[in-house]
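Let's take a friendly walk through this structure together. Please have the sequence and the model open as you read.

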Amino acid sequence: MDNPLFGTAHMLYEVDKKLMVLLHDGRTLIGYLRSVDQFANLVLHRTIERIHVGNEYGDIQRGVVIIRGENVVLLGEIDREKESNLPLREISVDDILDAQRREQEARQEKHRLVAKALKERGLNMNSEMAQDEF
């Protein structure tokens, strides 16, 4: 189908489809697009937040979610056939949150060690910038 709409108006063709939305803060939301406006603000229905750690994932029910367009990094339609054949293993919400916490702690420890090694060599990195790097 040839789509004559440009910009956010093109999103009107995605209404009622199941979408995956990657947010600027790194979260991944999956839900049915119910509404979009000229600023690319989205309303998702039956939304889950999917957390990935390694080859495991867990889903947290979020319900109806309103997303400001400026927070969207990437979005795309979910292929239902491929969704049912994910090469990932689903685990409980508690287990995935625990795995995520351990992963974040390991990342922070790595950052701390790098910052310490740089400081010993006379270099001092801005902590916010360093966090983005690691």
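Predicted model: local features only at pLDDT ≥ 70, side-chain atom pairs only at ≥ 80, totals over all residues.

Residues are numbered from 1 along each chain as its sequence is written, and side-chain values use heavy atoms, with hydrogens and water left out.

Let's begin with the interior. In soluble globular proteins, nonpolar side chains tend to be buried together. Here the largest nonpolar core consists of 11 residues, among them Met 11, Leu 19, Leu 33, Val 36 and Ile 67. (Such a core is a set of buried Ala, Val, Leu, Ile, Met, Phe, Trp, Tyr and Cys residues joined through side-chain atoms within 4.5 Å; buried means under 20% relative accessible area, exposed over 50%, and partly exposed in between, with a 1.4 Å probe and protein chains only.) Two or more residues of this core come from each of β1, β2 (28–36), β3 (42–53) and β4 (56–67). Strands (E, at least two residues) and helices (H or I, at least four) are DSSP runs, numbered from the N terminus. A second, separate core of six residues includes Ile 51, Val 53, Ile 96 and Ala 99.

Setting aside residues up to four places away in sequence, Val 36 touches Met 11, Leu 12, Asn 41 and Leu 42, where contact means heavy atoms within 4.5 Å.

Which buried residue has no salt bridge? It is Glu 14, whose nearest side chain of opposite charge, Lys 17, is 4.0 Å away. (A salt bridge is a side-chain nitrogen of Lys or Arg within 4 Å of a carboxyl oxygen of Asp or Glu; Lys and Arg count as positive and Asp and Glu as negative, with His and the chain ends not counted.) Glu 14 sits in the segment before β1 (18–23). Beyond its neighbours within four places in sequence, Glu 14 is in contact with Leu 19, Leu 33 and Glu 77.

Asp 16 is also in the segment before β1, and has a positive phi of about 75° although it is not a glycine. Ala 40, in the loop between β2 and β3, likewise has a positive phi, near 65°. Ala 40 counts as partly exposed because its relative accessibility is 22%.

Finally, β3 gives five residues, the largest share, to the lining of the largest pocket.
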